[in-house]
Amino acid sequence: MKAQPLLPAALKRRRGPRVAVLALVLCSLLVPLAFLFDRGPSGYVTTEERRRQEVVLPKFDHEEKRRPTGADRERQDAPERKIPRSSSGVIHQQTPEKNISKSSTGVIHHQTPEKNISKVLPAPKVEPSKDVTNSTKVPGDTSKEGEKADEVEKAKSCQLEFGSYCLWSIEHKEIMKDHTVKRLKDQLFVARSYYPSIAKLQGQEALTQEMKQNIQDHERILSVSTVDADLPSFINRRMKQMEQAIVRAKSCTVDCKNVDRKLRQILDMTEDEAHFHMKQSAFLYNLGAQTLPKSHHCLSMRLTLEYFKSSSLDSDDSPGKFSSPEYRHYVILSRNVLAVSVVINSTVSSCKEPGHHAFHILTDAQNFYAMKHWFARNSYKNAAIQVINYEAVILEKLPKYTIRQLYLPEEFRVLIRSIKQPTENTRMKYLSLFSHSHFVIPEIFKYLNKVVVLDDDVVVQRDLSFLWNLDIGDKVNGAVEFCGLKLGEMKNVLGKTAYDPKSCAWMSGVNLINLDKWREHNVTENYLLLMKKFKVKDELSLRAAAFPLSLLSFQHLIYPLDEKLTLAGLGYDYGIDEEVARRSASLHYNGNMKPWLELGIPDYKKYWKRFLVRGDRFMDECNVNP
């Protein structure tokens with residue numbers, strides 16, 4: 001009986017947790033209801049808000065880029081204004097910098113579309129009536145100017161991304177003559193844009209099914225037909241059926257925004273597909289430009305094999321000729337037998353005393369024996385020709401140079417645009433400069449005091465003997481300067497090394513080198529010190545560093561030659577006048593479209609083919625078409 005008073009107290013102690021549990025259950029029911037009726041906290045993100053936030057996130061993969069809303073489409077359709085890093089020139093790699101420019105003060109700015117700027121900045125004080133009048137007077141002219149500006153921007157962006165491929169593709173562009181196929185594609189484009197809206201309408205099931213069937217038929221026909229000749233005989237009937245279905249679809253009351261959105265989506269997909277195919281085509285173009293043709297490779301292999309079969313031809317001229325100061329000495333770095341042959345043949349054919357010319361060819365081990373056999377078989381007007389295995393010379397006689405691979409002259413694509421005149425068309429140039437192997441020439445030819453260095457894509461049309469009579473004073477390198485690009489405009493490329501900002505760039509091709517002054521100024525030693533500053537680690541970085549290293553190593557050591565000495569650009573510029581090319585002392589095929597490639601510009605190939613050796617049986621057997 002004494003324990004009875006304790007029972008109510010225990011019950012009271014247990015009642016507290018039960019009330020708390022009931023309160024939690026009640027809250028768990030009420031809170032979702034509040035969110036359901038949009039009574040949640042102000043920081044809550046609805047489904048529509050989430051969708052808009054996901055749309056504006058940056059897309060780094062071009063093929064996955066989508067623009068579902070009209071506002072996003074307008075923002076992305078705003079033309080990109082690519083301003084270079086300097087007042088007149090900038091060196092571009094294959095991957096362009098998007099939406100970033102560098103002002104004259106050196107500060108990097110992100111480009112902002114003008115549409116967004118107008119929402120923040122105050123309106124300018126202008127008379128709106130005059131603007132409206134002008135815009136209404138000549139709407140056609142405004143649209144034409146806009147189309148012209150779009151074409152210019154597209155051309156600039158194409159050259160920025162793909163380089164000379166854009167010029168080549170424009171020159172080889174084929175006009176679509178299959179009008180029926182084009183009309184089929186247009187009908188399919190319109191039908192796809194209307195189909196989703198028609199499918200949502202009540203009572204239009206028959207039209208929906210008809211449009212679906214017509215779309216499938218068009219897709220099936222276009223999958224097997226690329227020209228009008230491939231189209232089936234009943235194509236006119238199918239086109240008429242599709243046209244009638246489109247007319248019926250246009251007569252229906254649909255949401256124009258949905259149709260517009262679908263049209264833009266299809267347009268985006270088409271643009272992405274076109275850009276994808278352009279990238280593929282540009283890749284194949286670059287692959288063809290960097291690959292030796294099969295027939296040339298066959299010629300090199302056949303010559304190598306024949307060299308070991310007939311060693312009796314392995315007899316060089318007297319060694320005294322290659323060190324005699326009475327001879328005019330030329331140095332050529334190449335791996336291409338026919339290219340070197342054209343350079344030598346054009347040089348001796350254009351001079352008065354070919355017997356007093358000596359050519360020193362630096363090549364790699366793979367092509368050494370082919371070069372030896374070719375020049376032993378062919379005579380070039382009694383000119384002395386010496387073939388040197390560059391890799392063997394570095395290994396045996398110059399072990400201090402750890403890089404033994406032969407590097408040919410490096411070419412760099414330069415896009416030039418003036419900030420003062422931003423509407424001016426972007427100019428694209430290819431600059432060829434000395435590679436790492438050029439800086440070993442004074443060590444290899446210690447017995448020579450002056451040489452002319454020729455690139456293997458040069459054709460000589462006038463006698464170059466006058467170069468040996470030039471007094472270049474204390475200078476080292478006689479070269480054609482390119483003052484469209486100065487060192488002060490390449491701060492990011494040249495780094496923190498001291499340089500004269502007013503110094504012009506220069507080009508290889510035909511260069512008069514004073515080897516005595518080279519050794520006196522320690523050009524090679526300075527080059528090696530600069531190479532350490534630029535932290536060259538591998539082959540790719542070494543080739544890329546050739547641009548700043550060549551320009552800085554010869555700073556204040558360039559003797560400017562007459563611009564008429566060399567006409568450059570025959571490897572990428574379609575606009576060179578034939579009369580100018582014919583009168584030039586030498587032609588330089590710098591660029592990707594070399595004259596021995598199928599990609600070469602046809603109008604300029606004749607100057608190169610003129611000095612090609614004819615009637616050689618190995619050329620016939622390897623199907624080398626001159």
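1. Burial and overall make-up. Of the 626 residues in this chain, 41% count as buried. Keep in mind that the model is predicted. The chain has 24 helices and 15 strands. If you look at contacts with a separation of 6 or more, 76% of them come from residues 24 or more positions apart.

2. Helix α11. Which residues of α11 are buried? They are Val259, Ile266, Asp268, Asp272, His275, Ala282, Tyr285 and Ala289. Note that Asp268 and Asp272 are on that list.

3. The α8 and α9 pair. Two packed helices are described by the angle between their axes and the distance between the axes. For α8 (residues 179–199) and α9 (residues 205–224), the angle is about 150° and the axes are 9 Å apart. Angles over 145 degrees count as roughly antiparallel, so that is how α8 and α9 run relative to each other. The crossing of α8 past α9 is left-handed. On the α8 side the contact uses Val181, Leu184, Lys185, Gln187, Leu188, Ala191, Arg192, Tyr194, Tyr195, Ile198 and Ala199. Facing them from α9 are Leu207, Thr208, Met211, Lys212, Ile215, His218, Glu219, Ile221 and Leu222. By type, the residues of this contact split into 13 nonpolar, three polar and four charged.

4. The α13 and α14 pair. Here the axes of α13 (residues 337–350) and α14 (residues 365–377) come within 10 Å and cross at roughly 40°. The two helices are therefore oblique to each other, and α13 passes α14 in a right-handed crossing. Val337, Leu338, Val340, Ser341 and Ile344 of α13 meet Ala370, Met371, Trp374 and Phe375 of α14. That contact has eight nonpolar residues, one polar and no charged.

5. More on α14. What does α14 bury, and against what does it pack? Its buried residues are Asn367, Phe368, Ala370, Met371, Lys372, His373, Trp374 and Phe375. They pack against α12 (294–309), α13, β5 (357–363), β6 (384–389) and α24 (617–621). If you are browsing the structure, Lys372 is worth a click: it is among the buried residues of α14.

6. The α19 and α21 pair. The axes of α19 (residues 523–533) and α21 (residues 546–553) also come within 10 Å, crossing at roughly 140°. That makes α19 oblique to α21. The crossing is right-handed. Val523, Tyr527, Leu530 and Met531 come from α19, while α21 supplies Leu549, Leu552 and Ser553. The tally for the α19 contact with α21 is six nonpolar, one polar and no charged.

7. Leucine 333. You'll find leucine 333 in strand β4 (residues 328–333). Buried or exposed? Leucine 333 has 2% relative accessibility, so it counts as buried. Its C-alpha is 8.2 Å from that of leucine 406, 73 residues apart in sequence. Leaving aside residues up to four places away in sequence, leucine 333 touches Leu362, Leu406, Tyr407, Leu408, Ser437, His438, Ile441, Leu454 and Asp456.

8. Leucine 431. This residue is in strand β8 (residues 427–433). Leucine 431 is at 0% relative accessibility and so counts as buried. With residues up to four places away in sequence not counted, it touches Glu410, Glu411, Phe412, Val414, Phe482, Leu485, Ala505, Trp506, Met507 and Phe547.

9. Two asparagines with positive phi. Asparagine 382, although not a glycine, has a positive phi of about 65°. It is in the loop between α14 and β6, and its 62% relative accessibility makes it count as exposed. Asparagine 522 also is not a glycine and has a positive phi, about 55°. Its loop runs between α18 (515–520) and α19. How accessible is asparagine 522? The value is 38%, so asparagine 522 counts as partly exposed.

Key. Residues numbered from 1 in each chain as written. Predicted model: local features only at pLDDT ≥ 70, side-chain atom pairs only at ≥ 80, totals over all residues. Heavy atoms only, no water. Buried < 20%, exposed > 50% of the residue type's maximum accessible area, 1.4 Å probe, protein only. Helix = DSSP H or I, 4+ residues; strand = E, 2+ residues; numbered from the N terminus. Axes fitted to C-alpha atoms, helices over the stretch in contact; angles between N-to-C directions. Parallel < 35°, antiparallel > 145°, perpendicular 65-115°, else oblique. Left-handed = near helix turned anticlockwise from the far one by under 90°. Contact = heavy atoms within 4.5 Å. Nonpolar A, V, L, I, M, F, W, Y, C, P; charged D, E, K, R; others polar.
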